[in-house]
Amino acid sequence: MPTAAPARSRLSPDDRREQILAHATDVFTTQPYAEVGVADLARRAGVTRGLVHHYFGGKHGLFVAVIRRQVMMPTAALDGVTEGSLDERAAAAMDVVLDAAETHGRAWVAFDGTGGLGDDAEVAAVVAEADDRAARLVLAALGLDDPPPGLVVLVRTFAALVKAACREWLVAGALSRADAHRLLVVTLTALVQDAS
């Protein structure tokens, strides 16, 4: 049974864009890209197809915006991690990451960052930017505001372990949150210590 479209109302351009993006996020985190049409997205958001094209250039542009929203760590996410030893900071940083994973739940860990688009250059660029940003934010939380490039690369690869651990915790139930936390803290601390 199709989902009823929300009633249309007059919104500012920023609010309308946000409305479309929020509904598209729900759709793209539960359905494969190929199965979603612009008409479906517009209906779910309570707008016309023309507005989807106006704000995002079409389905692909909207999908890329959804990916950006799903994978980009907010700049202030780790602002509270400011004191303590390397182990204490790593533990606090991973608490923040696991809290975010728990909040976004299965949709976040199930989302592979491509939606089945494989080698799409625009999608790949967003995912690469998000990985680099997350690595630098985590390292800054650990007190490394100007880390060596090699360490940034190591922490970018650590992102795959974070997602795998969260999937084992949230989806498979093979790890507890404490187990996932311990694995991530030990690994992150070892990466930083070995690179220093």
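**Labels and their grounds**

Modeller: Thr189 touches Leu86, Asp87 and Ala90, leaving out residues up to four places away in sequence. Bear in mind that this is a predicted model.

Colleague: What makes Thr189 count as buried?

Modeller: Its relative accessibility is 5%. The cut-off for buried is under 20%. Therefore Thr189 counts as buried.

Colleague: Where does Thr189 lie?

Modeller: Thr189 lies in helix 8.

Colleague: Why are helix 7 and helix 8 called roughly antiparallel?

Modeller: Helix 7 (residues 149–172) and helix 8 (residues 177–195) pack at an angle of about 170°. Angles over 145 degrees count as roughly antiparallel. The two helices are therefore roughly antiparallel to each other. Their axes are 10 Å apart.

Colleague: Which residues make the contact?

Modeller: From helix 7, they include Leu151, Phe158 and Trp169. From helix 8, Arg177, Thr187 and Leu191 are among them.

Colleague: How do the residues of this contact divide into nonpolar, polar and charged?

Modeller: There are 15 nonpolar, 1 polar and 1 charged.

Colleague: How do you know that the span of helix 1 agrees with its number of residues?

Modeller: Helix 1 (residues 13–28) has 16 residues. The expected span is 1.5 Å times one less than that number. So helix 1 should span 22 Å, and its end C-alpha atoms are 22 Å apart, which agrees.

Colleague: What do the buried residues of helix 1 pack against?

Modeller: They pack against helix 2 (38–45), helix 3 (49–56) and helix 4 (59–71). Arg16, Ile20, Leu21 and Phe28 are among the buried residues of helix 1.

Definitions and conventions: Residues numbered from 1 in each chain as written. Predicted model: local features only at pLDDT ≥ 70, side-chain atom pairs only at ≥ 80, totals over all residues. Heavy atoms only, no water. Axes fitted to C-alpha atoms, helices over the stretch in contact; angles between N-to-C directions. Helix = DSSP H or I, 4+ residues; strand = E, 2+ residues; numbered from the N terminus. Parallel < 35°, antiparallel > 145°, perpendicular 65-115°, else oblique. Contact = heavy atoms within 4.5 Å. Nonpolar A, V, L, I, M, F, W, Y, C, P; charged D, E, K, R; others polar. Buried < 20%, exposed > 50% of the residue type's maximum accessible area, 1.4 Å probe, protein only.
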